[in-house]
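User: I am new to this entry and would like to be walked through it by way of questions. Could you take them one at a time?

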Amino acid sequence: IRHFLEPSIRAPKRFLSTIPAGVDDAESWAECLLKIAKVGDVCTVVGNAPSDSLARDLWGMHGKPNETCAVAELEIELLTGRTHQIRGQLAAMNFPLVG
């Protein structure tokens, strides 16, 4: 999986699948690569008592995000960059991390 990290000191950082056209500093965007090495079982977090219990265990008092209907454990191999980029890259694909 490939994303580019916007050069910025502010948070949150932006991870994009391509460098936007017309930027003056395209060479300063960091290329971030990761590989999903393994996907565990997919577990629903809606629809029945065990799923509701799992959602409470994962999100606690904050509550499950409305658009979330399932979770899975992933094994990630980071090919470039630093571990915090895993969270950013998965979030950029609408797969936010829990925990």
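The questions and answers below go from the whole chain to single residues of this predicted model.

User: How far apart lie the centres of the positive and negative side chains?

Analyst: The accessible surface of the protein chain comes to about 7,100 Å², and 55% of that surface belongs to carbon and sulfur atoms. As for charge, the protein chain has 10 positive and 12 negative side chains, and the centres of these two sets lie apart by 2 Å.

User: In which order do the 4 strands form the open sheet?

Analyst: Strand 1 (residues 2-5) pairs with strand 3 (residues 30-44) in the antiparallel sense over 4 bridges, while 2 bridges join strand 1 to strand 2 (residues 15-16), again antiparallel. The 4 strands form an open sheet with antiparallel pairing, in the order 2-1-3-4.

User: Why is one side of strand 2 and of strand 4 left without a neighbour in the sheet?

Analyst: In the order 2-1-3-4, strand 2 and strand 4 (70-78) stand at the edges. One side of each is left without a neighbour in the sheet because each of these two strands has a single partner strand.

User: Which residue in strand 2 is the bridge partner of L5?

Analyst: Strand 1 is joined to strand 2 by 2 bridges, and F4 stands opposite L16 in strand 2. L5, for its part, stands opposite A30 in strand 3. In strand 2, the bridge partner of L5 is F15.

User: Which strands do the buried residues of helix 2 pack against?

Analyst: Helix 2 (residues 84-92) has as its buried residues Q85, I86, G88, Q89 and L90. These buried residues pack against strand 1, strand 2, strand 3 and strand 4.

User: Is S51 buried or exposed, and what is its relative accessible area?

Analyst: S51 has its place in helix 1 (residues 49-59). Leaving aside neighbours within four places in sequence, S51 is in contact with T44, V45 and V46. Buried means under 20% relative accessible area, and S51 is buried, with a value of 4%.

User: What is omega for the peptide bond from A11 to P12?

Analyst: P12 is found in the loop between strand 1 and strand 2. The peptide bond from A11 to P12 is cis, and its omega is near 0 degrees.

User: What is the relative accessible area of N94, and is N94 buried or exposed?

Analyst: N94 lies in the segment after helix 2, and its phi is positive, about 65 degrees, although N94 is not a glycine. Exposed means over 50% relative accessible area, and N94 is exposed, with a relative accessible area of 67%.

Terms used
Residues are numbered from 1 along each chain as its sequence is written. This is a predicted model: local features need pLDDT of at least 70, side-chain atom pairs count only at pLDDT 80 or more; totals for chains, interfaces and linings use all residues. Side-chain values use heavy atoms; hydrogens and water are left out. Accessible areas come from the Shrake-Rupley method with a 1.4 Å probe; for residues, only the protein chains shown count as cover. Lys and Arg count as positive and Asp and Glu as negative; His and the chain ends are not counted. The place of a charge is taken as NZ of Lys, CZ of Arg, CG of Asp or CD of Glu. Two strands pair if DSSP finds at least two bridges between them. Buried means under 20% relative accessible area, exposed over 50%, partly exposed in between (1.4 Å probe, protein chains only). Contact means heavy atoms within 4.5 Å.
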